Amino acid sequence: MIRDFAAIDFETANEYPSSVCSVGVVVVRNGRIVEKFYSLIQPEPDYYLPFHTSIHGLTGKDTDGAEVFPKVWARIEPLIKGLPLVAHNKDFDEGCLKAAFKTYRMDYPDYIFYCTLAASRRQLKYLPNHQLQTVAEDCGFHLENHHHALADAEACAEIALQLL
């Protein structure tokens with residue numbers, strides 16, 4: 001079981017994975033949540049599709065004046081240094097992270113990513129689906145603000161503590 005990790009979740013403004021508009025990070029050490037971080041991000045490209053807004057509720061008004069990804073990541077990086085990252089559907093969140101690094105011409109460290117979605121599909125075959133809120137509930141965590149990046153990262157951390 002991994003006991004030290006950082007759960008991460010991104011929300012995007014549009015169809016481009018680089019368009020991260022919010023991020024939530026939950027740092028776990030020795031099996032305990034020790035730090036939480038949330039920030040809005042100025043997306044790149046900077047426009048919102050109605051479909052994406054319908055999921056997370058964020059619009060351009062929310063992120064006007066927000067910091068760009070490199071500035072936000074400069075605050076996250078020290079929190080997660082040396083830790084593997086965990087996401088529910090790592091392909092999405094890892095893809096967003098890599099796309100943002102590429103967009104801003106930043107050197108991408110080879111972060112180790114674990115996936116609670118894949119773990120739930122392997123271990124919780126009895127569930128009707130493996131959506132974050134379903135898996136979180138089965139693990140005893142009630143996810144109240146689904147698609148808020150920090151709430152989703154918290155749910156992911158709780159799932160990871162039980163399944164990884």
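In this predicted model, glutamine 42 lies in the loop that connects strand β3 (32-40) with helix α1 (50-56). Is glutamine 42 buried or exposed? Its relative accessibility is 14%, and residues under 20% are classed as buried, so glutamine 42 counts as buried. Its side chain is joined to that of aspartate 46 by a polar contact of 2.3 Å. Beyond the residues up to four places away in sequence, glutamine 42 touches Val20, Tyr104 and a run of residues comprising Thr63, Asp64, Gly65, Ala66, Glu67 and Val68. The loop between β3 and α1 also holds proline 45, which is joined to glutamate 44 by a cis peptide bond with omega of about 0 degrees. Most peptide bonds, by contrast, are trans.

The next element to consider is helix α3, which covers residues 69-80. Which residues of α3 are buried? They are Phe69, Val72, Trp73, Ile76, Leu79 and Ile80. Viewed down the axis of α3, these buried residues fall within an arc of 110 degrees, so they line one face of the helix. The spacing follows a general rule: an α-helix has 3.6 residues a turn, so residues three or four places apart point the same way. On the other side of α3, Lys71, Ala74 and Pro78 are exposed. The buried residues pack against several elements, namely the strands β1 (5-12), β2 (20-29), β3 and β4 (85-87), together with helix α4 (90-103). After α3 comes glycine 82, with a positive phi near 80 degrees.

Strand β1, against which α3 packs, is itself mostly covered, for eight of its eight residues are buried. In a regular strand the side chains alternate between the two faces of the sheet. In β1, Phe5, Ala7, Asp9 and Glu11 are buried on one side, while Ala6, Ile8, Phe10 and Thr12 are buried on the other. β1 pairs with β2 in the antiparallel sense over eight bridges; within this pairing, phenylalanine 10 has valine 23 of β2 as its bridge partner. β1 also runs parallel to β4, to which two bridges join it, and here alanine 7 is partnered with valine 86.

In soluble globular proteins, nonpolar side chains tend to be buried together. The largest nonpolar core in this model has 25 residues, of which Phe5, Val26, Val86, Val135, Ile159 and Leu163 touch the most other members. Two or more residues of this core come from each of β1, β2, α6 (132-138) and α7 (149-163), and α7 gives the most, with ten residues. A second, separate core of 24 residues includes Val25, Phe37, Ile41 and Val72.

Most residues other than glycine have a negative phi. Asparagine 89, in the loop between β4 and α4, has a positive phi near 80 degrees; with a relative accessible area of 31%, asparagine 89 is partly exposed. Arginine 105, in the loop between α4 and β5 (113-115), has a positive phi of about 55 degrees. Arginine 105 has a relative accessibility of 77% and therefore counts as exposed.

How values were computed
Residues are numbered from 1 along each chain as its sequence is written. This is a predicted model: local features need pLDDT of at least 70, side-chain atom pairs count only at pLDDT 80 or more; totals for chains, interfaces and linings use all residues. Side-chain values use heavy atoms; hydrogens and water are left out. Helices (H or I, at least four residues) and strands (E, at least two) are DSSP runs, numbered from the N terminus. Buried means under 20% relative accessible area, exposed over 50%, partly exposed in between (1.4 Å probe, protein chains only). A polar contact is a pair of N or O atoms within 3.5 Å; within protein, one must be able to donate a hydrogen and the other to accept it, and residues adjacent in sequence count only if both atoms are side-chain atoms. Contact means heavy atoms within 4.5 Å. The expected span of a helix is 1.5 Å times one less than its number of residues. The arc is that of the directions from the helix axis to the C-beta atoms. A nonpolar core is a set of buried Ala, Val, Leu, Ile, Met, Phe, Trp, Tyr and Cys residues joined through side-chain atoms within 4.5 Å. Two strands pair if DSSP finds at least two bridges between them.
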